Amino acid sequence: MTDFTFQAIGAGSVAAHHIGTAITGPVNVLTAELLNSARDVQAPAGLTNLQPLPLCFGRTSELGWLRGTLGQPAAGTAVVQGLGGVGKSTLALAYAHRHRRDYTFMWWIAALSPDHIEQSLADLALRLIPVWAGSASTEERAAWAMSWLQWHPGWLLIFDNVEDPADLQPYVNTSNGQVIATSRRSASWPTSVATLALDVLDLAAASELLCSQVLGATSPTHRQMQETRALSADLGQLPIGLMQAGAYLAQNPTISIERYRRRLIGALDKAPEGVDPERTVARIWRQTISTLMERNPLAVRVLYTLAWLAPDDIPVGLLTPITDDSDDLHEALGVLAVYCMVSLTQDSVSIHRLVQTTLRNQPPIGGGSPTGRLEAERLLSAAVAPLGEPPDSGRSPAWDRLLPHLIALAATTPDGHADTFPAGRYASAALYLQGLGHDARAVPLLTAALARCEALAGVEHELTLKVRANLGDAYHGAGDFERSIAVLEPLVAQCAQVLGDSHLGTLTVVTNLANAYRDYGDLARAITLHEETLARRRHALGNDHPDTLLSCEELARTYHASGDLDRAVSLYEATLTQCQRSLGPTHPATLSSQHGLAAVYLASGDLSRAIPMYTAVFAQWQQTFGDSDPETITSRNNLAYAYLTAGRPDQAAQHLETALARCEEVYGEAHPETIAIRANLGCAYRDAGDPTRSLPLLETAAAQSAHLLGDAHPQTLTTRNGLAQAYQAAGHAGRAIAQYDTILKHRAALLGETHPHTLATRSGLAKAHLAAGDPAHAVPLFESAVTQCEQVFGESHPDTLSNYIGLADALRQMDDPARAVTLSETTLERCIRSLGEDHPHTMVCRSNLALAHLTVGNIPRAVQLLEVAVRNASRLFGDTHPHTVTSRTNLAAAHLESGNAAQAVAVLEDVRAQLEAELGRVHPQTLHCTAMLARTLGGSDGLPRATELLEHSVALTEKELGVTHPDTLKQRQYLAEIYRANDRPDLAVPLYEANHTH
């Protein structure tokens, strides 16, 4: 035999030809008696050391994943990994409480290190065999607990906060029980172990969790819901931050949510009473950063740099200059990912925004600027240097990728910090965003640029004034009129002092301030400023200068907004004449004046002049600039709106379909202009009686606008207003009312109770209640709107008169026809005096007054009024316009009430034929007219014809609209009534039952 020599290396090593039993380290030897006791000792029923059931919102799918992974009877191990504070422990605890009856016992194990695990197992032995364990060492107790676990199946162990996956290895290979582990580590887990990467909560669940903490069982107000959503977003929907904030606010009810948001960082490092101080957000992450500093200091440097950028999609290439060795950078990023401080793709990095917030507010390492800030400024300066200026039109993918990080850098500039990123690049990036319609995103860039200009050039330098003016315009474009005014008001004084009262720059700022007042609803101040600016421009520049003509147009537009249509028409007509003479018929300023004049004609109900003018302007834009020019698209959109107002939704839809296609080509899917036209197309389909195409478009547009511009942006609210009308037209009264309620709260909070948009929304909400058959709710809303409109506009303004018309109709439907007659008579006189016989308000008021007279039994007066209304509406709008159709069907009802059924039938037959030809058989107006005709025939010896009409109508609506559509239900109800009149209860009862079911 060959003589081999075996050498043992290392402490506790052994070496020999043959080894029987070798003990190489400390061993806990248990006696046979103790080993038998591990077999014989039974766990008390319900044995556990679990904490109480926590609040766990928004984790249904994750709990389901755990159940699927650990589902009985199979054993298994599941690891929940994620950022510190994301709710890993809460999820594990919620699962354990939910499934307590599925396990013989459960035990929570602190697993930060092997020593912590051993101590938790020793505590288990102390609970099971206290007499012996009380005097045994920790090591002996842990060994006994492990033996006990081998003898007793059906348990669940939860290893919380595992730092090293290897520490879990001895406990995952048993078939007697199941294991859940939580860890911040995402790597090095055995392939046999199932892992779940836990993300933050969605915003709805985060808000619900925060509300439950702060308010308990009390239902939140609309304002509180908005504030909790905003705070939840600030906290990055991170559960520990939400719990910490909720506990603090619950303990300090005098501190508002908004105030807490302002002092967020200090609060995140402060533990509410009863909360472990080491479980605050800031301290949890400081512990992780301390570990990272020991392992890879570059990783910490990278992390602090990421804190000043946007949280998502940070290009890895942007970070390359942070170190000379790219491998070192990738290794540092890998370490951060292992500790769940960032998430990685092949070419980008993302970081939780609350991690960023916490890091940005840590004391600087070594003093000076906040840690990582200068590095972030250096990296972004280097990244934009080779790009040149952003384009004046179109998109730049390279700029688009860096813009979120520029915005984040600008928005997080510390107080007193001298930003080293070039102010000019901030400003040019802002102008690029404004060109794309993203004014709100431009605000932080302009704010940072303004601060640098003030610091470097002084507050009165011309460049500083220009940047400040752009900031005011950005606030205006973002719908924040109050902040726009706050910026522009002092700027006017500064420009006047530096440049002079009549300087072109000063007058431009005054014009922008006047427009901000106009859109804010302060029409009197807007008119005064525009009149003063026009006078100065005429004096300084002459009547025909383009700036003077622009002032004329802005003043005319403000007259229009105030309801002074006569002055608006007069000024627009004069301005148009001057533009045509001075600039030519195809100059953009000339065409813009024509658009404005057409809009006033449309508002005054003068369709005979409005539509031809819109058509001519559109043709001119199209011929001169092409079909895809932005102004051509806008002109096409305006023409479509005129067709919509004229009751010609099919023609409107044709133009809007083309406009939407052009918008998507020029601007892209999610540009504000594209979204607005998508919403307008939805409105056209709505008025055409096509909810299947209308609702998806409007719902999409509303969601896109909210995402891009914000929930309270004017365009978002306008889109939601169209959606509310579409819900109402489709018979979804509850959804319409809910939309109007939300819009009203937003507009009242943003613009004030008496802003024209707020008043219009209150009126829309009243109409929705009226359409839902609830005049009791409509009347006080109309009364409030009337009072406020009179205060803001006066008693003869179109909006005031419209609300009087609505109030009178609501009173009629609330069985107060006498008061409705009196109010309608007065309102009709005002409409004729202020708006003229041909205005739509006059026609609607006359028709409604006729219905009120019909209700009180004054049939001759009703017929007389309706005959005039039909003649006027037919002449102005055509036979199938909604105003005309309403007046004609009301006239048929009056004929029927007077006993002249034959004349009523003749009117309805004629209307129905025209509606079917132009709008189709399932249009709501056609269906309503069909039902009226059938009911009229049913009451005048025409039951067979009535039955035939309604049987066909019910079959058609069920096929085209569905069996539960409100119009289907109405048609079915009318058919059941006809069957009853025919003495056919066998046919009527199933229809009644079907309607009752739906």
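This is a predicted model: local features need pLDDT of at least 70, side-chain atom pairs count only at pLDDT 80 or more; totals for chains, interfaces and linings use all residues.
**Group meeting: a walk through a helical model**

Gln788 lies in helix 36, residues 775-792, and with a relative accessible area of 13% Gln788 is buried, the term standing for under 20% relative accessible area, with exposed meaning over 50% and partly exposed in between, for a 1.4 Å probe and protein chains only.

Residues are numbered from 1 along each chain as its sequence is written, and side-chain values use heavy atoms, with hydrogens and water left out.

As for the whole, the protein chain holds 46 helices and eight strands, which are DSSP runs numbered from the N terminus, helices being H or I of at least four residues and strands E of at least two. Of its 998 residues, 52% count as buried, and the C-alpha trace spans about 125 × 85 × 60 Å along its principal axes. Among contacts with a separation of 6 or more, 61% are between residues 24 or more positions apart.

Helix 34, residues 733-751, has 19 residues and reaches 26 Å from its first C-alpha to its last, close to the 27 Å expected at 1.5 Å a residue, the expected span being 1.5 Å times one less than the number of residues. Its buried residues, including Ile737, Tyr740, His746 and Arg747, pack against helix 8 (222-234), helix 22 (481-498), helix 23 (504-520), helix 33 (714-729) and helix 35 (756-771). Just after helix 34, Gly752 takes a positive phi of about 100 degrees.

Helix 8 also contains Asp234, which counts as partly exposed at 26% relative accessibility. The C-alpha atoms of Asp234 and Arg261 are separated by 7.7 Å, although these residues are 27 apart along the chain.

Turning to the strands, there is an open sheet of three in the order 6-8-7, with antiparallel pairing, two strands being paired if DSSP finds at least two bridges between them. Strand 6 (314-315) and strand 7 (342-344) stand at the edges with a single partner strand each, so one side of each is left without a neighbour in the sheet. Strand 7 pairs with strand 8, residues 348-351, over three bridges in the antiparallel sense, and Leu344 stands opposite Val349 in strand 8.

Which helices each supply at least two residues of the lining of the largest cavity? They are helix 32 (691-709) and helix 33, and the largest share, three residues, comes from helix 32. A cavity here is a set of points, on a 1 Å grid over the protein atoms alone, where a 1.4 Å probe fits but cannot get out, and lining residues have an atom within 4 Å of a point. About 80 Å³ of space lies in the largest cavity, the volume being the space filled by probe spheres set on the points, which are joined across faces, edges and corners. Of the 13 residues that line this largest cavity, the closest to its centre are Gly689, Pro691, Ala729, Ala730 and Pro924.

Methods. Contact means heavy atoms within 4.5 Å. On a 1 Å grid over the protein atoms alone, a cavity is a set of points where a 1.4 Å probe fits but cannot get out, and a pocket is an open set with protein on both sides within 12 Å along at least five of seven lines; lining residues have an atom within 4 Å of a point.
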